[in-house]
Amino acid sequence: MQKSKTAKSVNWRLIIGAIVSVLAIFFVYFQRETIKKSFEALGTANWGYVLLAIFVYSLTVLAAAAIIYKLRLVEKIAYTSILIVQVSTLFLGRITPASVGGLAAMGRVLFTQGHTVVQSGTVVAAGSIATFVGNVLLTIVAFLLSLGSVHLNTLHLPSFIVYVGIGVAVAVGILLCVPWVRKKIAGTVAEVVATLKNYEHKKGSIALAVLFGAIVTLCFSLTLMAAAKSLGVNLSLFAAIITVSLGSLGVAVTPLPGGVVGAEAALAATMVQFGVPSDVALAIAFVYRFVIFWLPLLPGYIASQYALKKQLL
């Protein structure tokens, strides 16, 4: 009986692995034009700075895994297990809209390592909050350090940002008018609050998670600065942070997996506001996206298959 169950489990994981592989092939095929443009931009870039960008970006993976590790609610889970799955999200998060595949994978490894479903969701949500708070704190610091060189009266947010904000506000307002939606939200909030009480005696872990969240944003920004430098553009840290933040929003609102097209457009449009010529800004966006999006697909795929084999997913 035990043997039958094991065989069934192995077959299920093989099926998942096959589905993921097929999705990867289709994803790369349909995005071949975007990949081509990324390589064209790389052809004019200084590869010394591109390699620097790759190195700095790799640090974001370590920091992102550290956030979840510090916020874990089951002590026995190892950092290496979280890191393996974090690397796998470099693939799983790319082939699904709004990176839901990556979030699901992180929740899954927490569950397989002893967390309840609610705890897993709360840790992932707490990780997102820590990253956001770290982003805000780093942005404030960068802004204060850039007061002498940044002229806010010359900056204008891309119009799509305004439209997205209005759309989100309208959608939230409509949903809150539906009784069952309000009830579901209230129940979820109650569960999250109950689970968050586990952090009452882990203030140090929360502080470290926020610190690692700031490091994630810093590394993304430094990666963008290196990508810009590879094309002869000196981008300030403040400009890089704002560009990365709005680029992330472009990923979130684009229905295509990985935010393809929307992310490049948001990145380029934001850099233009900081004085970068539009054609150069687009080339920088393609180099940056090559480093953080296209290049990690292969190691992410390998890590996802390894995670499935080790039953982390």
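1. Helices here are DSSP runs (H or I, at least four residues), numbered from the N terminus. This is a predicted model, in which local features need pLDDT of at least 70 and side-chain atom pairs count only at pLDDT 80 or more, while totals for chains, interfaces and linings use all residues. Residues are numbered from 1 along each chain as its sequence is written, and side-chain values use heavy atoms, with hydrogens and water left out.

2. The axes of α3 and α4 lie 9 Å apart at an angle of about 130°; axes are lines fitted to C-alpha atoms, for helices over the stretch in contact, and angles run from 0 to 180 degrees between N-to-C directions. α3 and α4 are therefore oblique to each other (under 35 degrees is roughly parallel, over 145 roughly antiparallel, 65 to 115 roughly perpendicular and the rest oblique). Among the residues that meet are Tyr57, Val61 and Tyr69 in α3 and Ile82, Gln86 and Leu90 in α4, contact meaning heavy atoms within 4.5 Å. This contact has 13 nonpolar, 1 polar and no charged residues; Ala, Val, Leu, Ile, Met, Phe, Trp, Tyr, Cys and Pro count as nonpolar, Asp, Glu, Lys and Arg as charged, and the others, Gly among them, as polar.

3. Now for α3 (residues 47-71) and α9 (residues 203-229): their axes come within 8 Å and cross at roughly 165°. That makes α3 roughly antiparallel to α9, and the crossing is left-handed. The contact of α3 with α9 divides into 22 nonpolar, 4 polar and 2 charged residues.

4. α4 (residues 79-92) also packs with α13 (residues 297-309), at about 125° with the axes 6 Å apart. That makes α4 oblique to α13, and their crossing is left-handed. The contact includes Val85 and Phe91 of α4 and Gly300 and Tyr306 of α13.

5. Do look at Gln311, in the segment after α13. Gln311 has a positive phi of about 60° although it is not a glycine. Gln311 is partly exposed, at 43% relative accessible area (buried is under 20%, exposed over 50%, partly exposed in between; 1.4 Å probe, protein chains only).

6. Finally, the largest nonpolar core has 58 residues, with Leu71, Val85 and Met271 among those with the most contacts inside it. A nonpolar core is a set of buried Ala, Val, Leu, Ile, Met, Phe, Trp, Tyr and Cys residues joined through side-chain atoms within 4.5 Å. Beyond its neighbours within four places in sequence, Met271 contacts residues including Leu224, Thr243 and Ile284.

How values were computed
Helix = DSSP H or I, 4+ residues; strand = E, 2+ residues; numbered from the N terminus. Left-handed = near helix turned anticlockwise from the far one by under 90°.
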